[in-house]
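Try each one before you read its solution.

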Amino acid sequence: MERENQFIGQSGAFLDAVERASRAAPMSRPVLVIGERGTGKELIAERLHRLSTRWDEPLVTMNCAALPESLIEAELFGHEAGAFTGATKARAGRFEEADKGTLFLDELGTLSMGAQERLLRAVEYGEVTRIGASRPVRVDVRIVAATNDDLPQLAKTGEFRADLLDRLSFEVITLPPLRVRDGDVMVLAEYFARRMAAELDWHDWPGFADHVMREMENYAWPGNVRELRNVVERAVYRWDDPAEPISHVQFDPFESPWKPAAPPHRKDGGAGMIAPAGKTASVNASDFASSAPCFDEIEDLRGAVDAHERAIVEHALGRHRWNQRQTAKALGLSYDQLRHCIKKHALMEEAE
C-alpha cells in the first residue's frame, strides 16, 4: 500500500497522534486506529508498518465493508478447492499473504460475528484455518485495524465481541478531525493547491483571496482532509487567471441551478434561500453556510447580520470574478445596491 500523501500539519492534536503511532510502530502488538472518514487512518497504518521491524515484509490491506458477509471469511482465511460453490481451486487468505508482515483491516466494525470469532482465534493463537481445510496454518501477522465506529459501545450492545476488542486494543490511536486542528486547514490547502498549480504548469502560485481563506477556515470539513483536497484542487483547476489570487471555492460539487429536484417521497435534507413570488433565488444557502454564525453564541445581532451579509456578497463577488454587474444580477440587487454593500463592508479595499 503506497501513498503519495504525506503527514502535513502543525496542530498539537495531530502531532500527538502521529507521535503515538511512531512510538507504537516497533511493537509487534495490535493497534486500533479510530477516526472520522478522511482523517488519514490508512496513512497511520502505513506509518506503523514502515517504522516497524516488519517494514520489508508485506503490508496487506482489506476493507471489511467492501465485501459481502458470505465472502469475508474466505478472503481473510482462504479456502480449499470445492469448499463452496465457485471455489474451483485453493486460495490463500489475507492472513497467509501478510505472513511476517502487517495486516490492515479497515472498517473493522462491519465484520460479522462469525468472522470476529475466527479473527479472535487467529490473534490469540497465530493460526488460521482455510475454509474446507482440517488443519490450521501458522502465521506471524501484526494486526492494525481501523474504524469510525464506537467499538466499546458496540461491545456493550453485543454487536462486537468484547474479548476481540480487548485483544486488539493494545494501543488505540484516535485521529483528530480537521475542524479541531488549529492552523492546519490553510497549511494543507496551500500544499494541495501548489501541487495542483504545478500539475497545471502554472509558473507562480497566486495564493487564495482573503475571503476564500476565511471560508475554508470556517467550514466544518465533514470529509476532513480528503474533502479539503478535493475542494482545493477543484478550485485551482477551475480558476482561469493564474496571475490573480483564487477568489472562489465551491464546497459542494453537486451544487447547481439545474440540480434535479428530489422525488416527492424523499425529504429535502437542505433548505435553500426562499425566493420572492415570481423570482428564482440565484444564491443557494450552501454557498455561504460555512460563514453563518452559530445562533447559540450570538450576542450582537446587528454585527452577526452584517457579518453574514458580508460573507454572502464576498462569496458572490469571488464566484463572478469580481464582476459587479454579474454579481448584482445573481444576488437580485441593483448595481447601486451592490455598490452600497461593497462600500459598507470595504470589500474593494480588501480586493486592492
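A nonpolar core here is a set of buried Ala, Val, Leu, Ile, Met, Phe, Trp, Tyr and Cys residues joined through side-chain atoms within 4.5 Å. Keep in mind that this is a predicted model.

**Exercise 1.** Find which residues of the largest nonpolar core touch the most other members.

Solution. Start with the membership: this core has 31 residues. The ones touching the most other members are Leu 76, Phe 95, Leu 103, Leu 105 and Leu 108. Next, see where the core comes from: elements giving two or more residues include strands S1 (31–34) and S3 (102–106), plus helices H3 (69–77) and H5 (113–125). H5 is the top contributor, with 5 residues. Now zoom in on Leu 76: leaving out residues up to four places away in sequence, its contacts are Met 62, Gly 93, Arg 94, Phe 95, Leu 103, Leu 105 and Leu 111. Finally, look apart from this core and you'll find another one, of 28 residues, with Leu 188, Met 196, Leu 228 and Ile 246 among them.

**Exercise 2.** Work out whether Lys 41 is buried or exposed, and look for a salt bridge.

Solution. First place it: Lys 41 sits in helix H2 (residues 41–50). Lys 41 is buried. A salt bridge needs a side-chain nitrogen within 4 Å of a carboxyl oxygen. Still, Lys 41 does touch Asp 106, along with residues including Glu 36, Phe 104 and Leu 175.

**Exercise 3.** Identify what lines the second largest cavity.

Solution. Count first: there are 2 cavities of 30 Å³ or more.

Methods. Residues are numbered from 1 along each chain as its sequence is written. This is a predicted model: local features need pLDDT of at least 70, side-chain atom pairs count only at pLDDT 80 or more; totals for chains, interfaces and linings use all residues. Side-chain values use heavy atoms; hydrogens and water are left out. Helices (H or I, at least four residues) and strands (E, at least two) are DSSP runs, numbered from the N terminus. Buried means under 20% relative accessible area, exposed over 50%, partly exposed in between (1.4 Å probe, protein chains only). Lys and Arg count as positive and Asp and Glu as negative; His and the chain ends are not counted. Contact means heavy atoms within 4.5 Å. On a 1 Å grid over the protein atoms alone, a cavity is a set of points where a 1.4 Å probe fits but cannot get out, and a pocket is an open set with protein on both sides within 12 Å along at least five of seven lines; lining residues have an atom within 4 Å of a point. Grid points are joined across faces, edges and corners, and a volume is the space filled by probe spheres set on the points.
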